[in-house]
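Here is a short briefing to read alongside the model.

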Amino acid sequence: SVFDRHYGALWEAFRRQDDVRKRLGLVFPTLAIRDLSMALAETDNRHARDFADSAETYRRELVRALNRDLEVNGADLGFMYQAGPELWRSMPEYRFEPSGLGDTMKGQGLAWASLAAWLLGTTWLVLRSTRRLRAD
């Protein structure tokens with residue numbers, strides 16, 4: 001529980017940093033592009049946490065299974081017990097299923113809005129400046 005509490009606090013700090021960066025994307029479009037790019041590549045903090053949580057769940061289940069095997073088969077042997085290959089074959093293989101594109105795009109609304117605002121703003125500036133151009 002101590003590990004989970006500190007681990008949760010660490011991910012919460014990452015989430016707050018992400019929130020600040022997302023708001024700054026309104027001022028700096030490169031940050032909005034970065035957020036979208038990282039989300040699409042599944043290298044953002046949300047995807048990293050999904051993977052870390054999945055791996056941690058698998059690790060805990062694996063340790064429970066190993067402890068059960070030790071308790072049942074090696075109680076009298078202590079540290080001399082060695083599990084056989086059948087135990088390892090019975091362990092499920094780790095599989096991580098990344099989220100789909102729809103899930104990935106959730107939470108990216110501010111980045112899209114920022115880029116749309118920048119596109120509209122620059123388009124307006126270009127149109128306004130071309131009206132002043134004269135072909136002499």
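Predicted model: local features only at pLDDT ≥ 70, side-chain atom pairs only at ≥ 80, totals over all residues.

Residues are numbered from 1 along each chain as its sequence is written, and side-chain values use heavy atoms, with hydrogens and water left out.

**Salt bridges**

- Side chains of opposite charge can pair when their charged atoms come close.
- A salt bridge here is a side-chain nitrogen of Lys or Arg within 4 Å of a carboxyl oxygen of Asp or Glu, and the count comes to 13 salt bridges.
- D103 and K106 form one of them, with their closest N and O atoms 3.3 Å apart.
- R21 and D18 meet in another salt bridge, at 2.6 Å from N to O. Both residues sit in helix α1, 3 residues apart, about one turn of the helix; D18 counts as buried at 13% relative accessibility.
- E56 pairs with R59, the closest N and O atoms being 2.8 Å apart. These two are separated by about one helical turn because they are 3 residues apart in helix α3.
- E56 is buried at 17% relative accessibility, and R59 is partly exposed at 42%.
- A network of salt bridges links D4, E56, R59 and R60.

**Aromatic pairs**

- A pair of aromatic rings is described by the distance of the centres and the angle of the planes.
- Rings of Phe, Tyr and Trp (its six-membered ring) pair if their centres lie within 6.5 Å; planes under 30 degrees apart are stacked, over 60 edge-to-face, and the rest tilted. By this rule there are 6 aromatic pairs.
- F3 and Y7 are stacked, at 5.1 Å centre to centre with 15° between the planes. Being 4 residues apart in helix α1, they are separated by about one helical turn.
- F3 is partly exposed, with a relative accessible area of 46%, and Y7 is partly exposed at 23%.
- F51 and F96 are edge-to-face: 5.2 Å centre to centre, 85° between the planes. This pair links distant parts of the chain, since F51 lies in helix α3 and F96 in the loop between α4 (85-90) and α5 (101-105), 45 residues apart.
- Ring pairs also join F3, Y7, W11 and F14 into a cluster.

**Largest pocket**

- A pocket is an open set of points on a 1 Å grid over the protein atoms alone, with protein on both sides within 12 Å along at least five of seven lines; lining residues have an atom within 4 Å of a point.
- The largest pocket has a volume of about 340 Å³. Of its 17 lining residues, R15, D18, K22, N45 and R46 are the closest to its centre.
- Helices are DSSP runs (H or I, at least four residues), numbered from the N terminus. Three of them, α1 (2-24), α2 (29-40) and α3 (45-73), each supply at least two residues of the lining, and α1 gives the most, with 7 residues.
- The lining divides into 3 nonpolar, 4 polar and 10 charged residues. Asp, Glu, Lys and Arg count as charged; Ala, Val, Leu, Ile, Met, Phe, Trp, Tyr, Cys and Pro as nonpolar; and the others, Gly among them, as polar.

Key
1 Å grid on protein atoms, 1.4 Å probe; cavity = no way out; pocket = protein on both sides within 12 Å on 5 of 7 lines; lining within 4 Å. Points joined across faces, edges and corners; volume = space filled by probe spheres on them. Buried < 20%, exposed > 50% of the residue type's maximum accessible area, 1.4 Å probe, protein only.
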